[in-house]
Amino acid sequence: MASKLRIDQLRALSSTVFHGIGDSLSIRASQNHHIRHFSDVSSPTLSPAGSSSPPPQNVELKTAPQPEKMNINASTTSSVNQIELAKFSAISDTWWDAEGPFKPLHALNPTRVSFIRSTLCRHFRRDPCLVRPFEGLNFIDVGCGGGILSEPLARMGATVTGIDMVDKNIKIARVHADQDPVTSTIEYYCTTAENLVEQQKEFDAVIASEVIEHVADPAGFCQSLAALTVANGATIVSTINRSMRAFAAAIVAAEYILRWLPIGTHQWSSLLTPEELVLILQRASISVEEMAGFVYNPLTGQWSLSDDTSVNYIAFGKKISQQTD
Ligand SMILES: C[S@@+](CC[C@H](N)C(=O)[O-])C[C@H]1O[C@@H](n2cnc3c(N)ncnc32)[C@H](O)[C@@H]1O
């Protein structure tokens with residue numbers, strides 16, 4: 001009874017924290033730039049892979065060459081924050097424990113996959129009804145951790161490369177992916193985006209989910225993400241807003257009250273507002289086209305897509321082609 005009361009109290013408290021604090025201070029991405037909210041986007045026109053529908057004007061749907069084996073020993077590591085990497089190294093054996101420190105990422109996964117699937121199907125003119133709409137496209141999951149996101153990307157047909165600077169994460173990701181023939185095709189490397197830029201690697205879609213808040217130089221990191229994205233390709237970044245509401249939810253509640261994450265996982269000063277992310281992506285030649293918030297319902301334990309970007313959010317952008325500038 002005591003523990004039930006405690007859970008109920010925590011749920012009520014977290015509900016207050018998640019939904020009641022900082023409404024007036026929360027920042028809406030839509031106020032300062034012209035980005036479609038996810039909910040504004042009408043259902044995509046179905047355009048099965050291989051159909052003759054023309055690509056959007058000015059969008060050259062050239063696909064990136066299939067990746068060759070990577071040289072993981074290149075030296076540039078400007079995005080690496082050793083303190084952040086040590087935090088992930090310490091809990092690396094828990095990546096696939098759905099009740100462990102990565103529980104929030106496991107819970108968030110279907111929701112972010114839904115955004116990624118929808119935006120990339122629209123962008124690449126693929127049929128979202130197909131089981132494997134991304135056949136023939138090369139994706140990279142930068143800061144892949146244990147592969148929680150890389151695996152569904154591979155199941156949707158993409159040729160997936162996952163990279164992370166924590167070697168233990170890569171080993172865990174490899175072992176887990178090898179349990180299924182479909183995901184065993186994923187190439188995992190312990191390296192940085194900068195190292196792959198040095199090797200002039202390019203991908204049709206570059207995805208960095210919940211990583212930018214852990215890197216040393218977010219603007220430089222975005223430059224690397226952009227350099228890895230083929231002209232007219234897609235870049236997707238998700239992260240946590242630097243709002244009062246996010247401070248209450250993602251740091252106070254998630255780390256100190258609910259103990260979902262080890263204390264200190266997120267540094268307030270390292271968080272970016274949607275406006276800041278859009279700006280640094282724009283400066284890196286990535287034009288953000290769509291944005292959505294992730295909203296957590298503490299009663300159901302479910303995440304959903306929303307226009308509310310005040311806590312967690314995800315942005316889809318396309319690489320501006322040099323020819324069409
Ligand atoms: C919160 S986890 C997110 C993992 C994965 N993207 C997901 O959402 O399931 C952040 C990951 O980024 C990795 N990371 C941090 N800085 C990095 C960098 N500069 N280059 C590559 N990986 C990095 C960490 O090791 C960690 O695995």
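Visitor: Where is S285 placed?
Guide: S285 sits in the loop between α9 (274-283) and β7 (286-297). Keep in mind that this is a predicted model.

Visitor: What makes S285 count as buried?
Guide: The cut-off for buried is 20 or more other C-beta atoms within 10 Å. S285 has 20. Therefore S285 is buried.

Visitor: Which value does phi take in Q200?
Guide: Phi of Q200 is near 60°. That is again a positive value in a residue other than glycine. Q200 belongs to the loop between α6 (193-198) and β5.

Visitor: Which residues does the "binding site" annotation with H214 cover?
Guide: The UniProt annotation, from an unreviewed entry, covers E210, E213 and H214. E210 is in the loop between β5 (203-209) and α7 (218-228). H214 is also in the loop between β5 and α7.

Visitor: Why is E210 called buried?
Guide: Count the C-beta neighbours inside 10 Å. E210 has 22. The label needs 20 or more, so E210 counts as buried.

Visitor: Where else does UniProt place the feature "binding site"?
Guide: The unreviewed entry also places it at R112, G143, D164 and S209. R112 is in helix α3 (residues 103-124). D164 is in strand β3.

Visitor: How do you know whether R112 and D164 are buried?
Guide: Use the cut-off of 20 again. R112 has 24 other C-beta atoms within 10 Å, so R112 is buried. D164 has 27, so D164 is buried.

Visitor: What is R112 in contact with, leaving aside its neighbours within four places in sequence?
Guide: R112 is in contact with L149, S209, S238 and I314. S209 is itself among the annotated positions.

Visitor: And which contacts does D164 have, with those neighbours left aside in the same way?
Guide: D164 is in contact with G143, C144, G145, N169, I170 and C190.

Visitor: Which residues come nearest to the ligand?
Guide: There are 22 residues around the ligand, and S79, F88, G143, G145 and I148 come nearest. The shell divides into 12 nonpolar, 7 polar and 3 charged residues. Helix α2 (82-90) and strand β3 (159-164) each supply at least two. The most comes from α2, with 3 residues.

Visitor: What makes α7 "largely enclosed"?
Guide: In α7, 8 of the 11 residues are buried, so it is largely enclosed by the rest of the structure. Among the buried residues are P218, F221, C222 and L228.

Visitor: Which residues touch the most other members of the largest nonpolar core?
Guide: That core has 78 residues, and F139, I207 and A315 touch the most other members.

Visitor: How many helices and strands does the chain have?
Guide: The chain has 9 helices and 9 strands. Of its 325 residues, 45% count as buried.

Visitor: What is the mean pLDDT of the chain?
Guide: The mean is 81, and 75% of the residues reach 70 or more. Over residues 1-33 the pLDDT is below 50. The pLDDT is also below 50 over residues 42-61. Where pLDDT is low, the predicted coordinates should not be read in detail.

How values were computed. Residues are numbered from 1 along each chain as its sequence is written. This is a predicted model: local features need pLDDT of at least 70, side-chain atom pairs count only at pLDDT 80 or more; totals for chains, interfaces and linings use all residues. UniProt positions are given in the numbering used here, feature names are shortened, and annotations may be inferred rather than shown by experiment. Helices (H or I, at least four residues) and strands (E, at least two) are DSSP runs, numbered from the N terminus. A residue is buried if 20 or more other C-beta atoms lie within 10 Å of its own, exposed if 12 or fewer, and partly exposed in between; C-beta atoms are placed from the backbone. A residue is near a molecule or strand if its C-beta atom, placed from the backbone, lies within 6 Å of it. Ala, Val, Leu, Ile, Met, Phe, Trp, Tyr, Cys and Pro count as nonpolar, Asp, Glu, Lys and Arg as charged, and the others, Gly among them, as polar. A nonpolar core is a set of buried Ala, Val, Leu, Ile, Met, Phe, Trp, Tyr and Cys residues joined through C-beta atoms within 7 Å. Two residues are in contact if their C-beta atoms, placed from the backbone, lie within 7 Å. pLDDT is the predictor's confidence in each residue, from 0 to 100.
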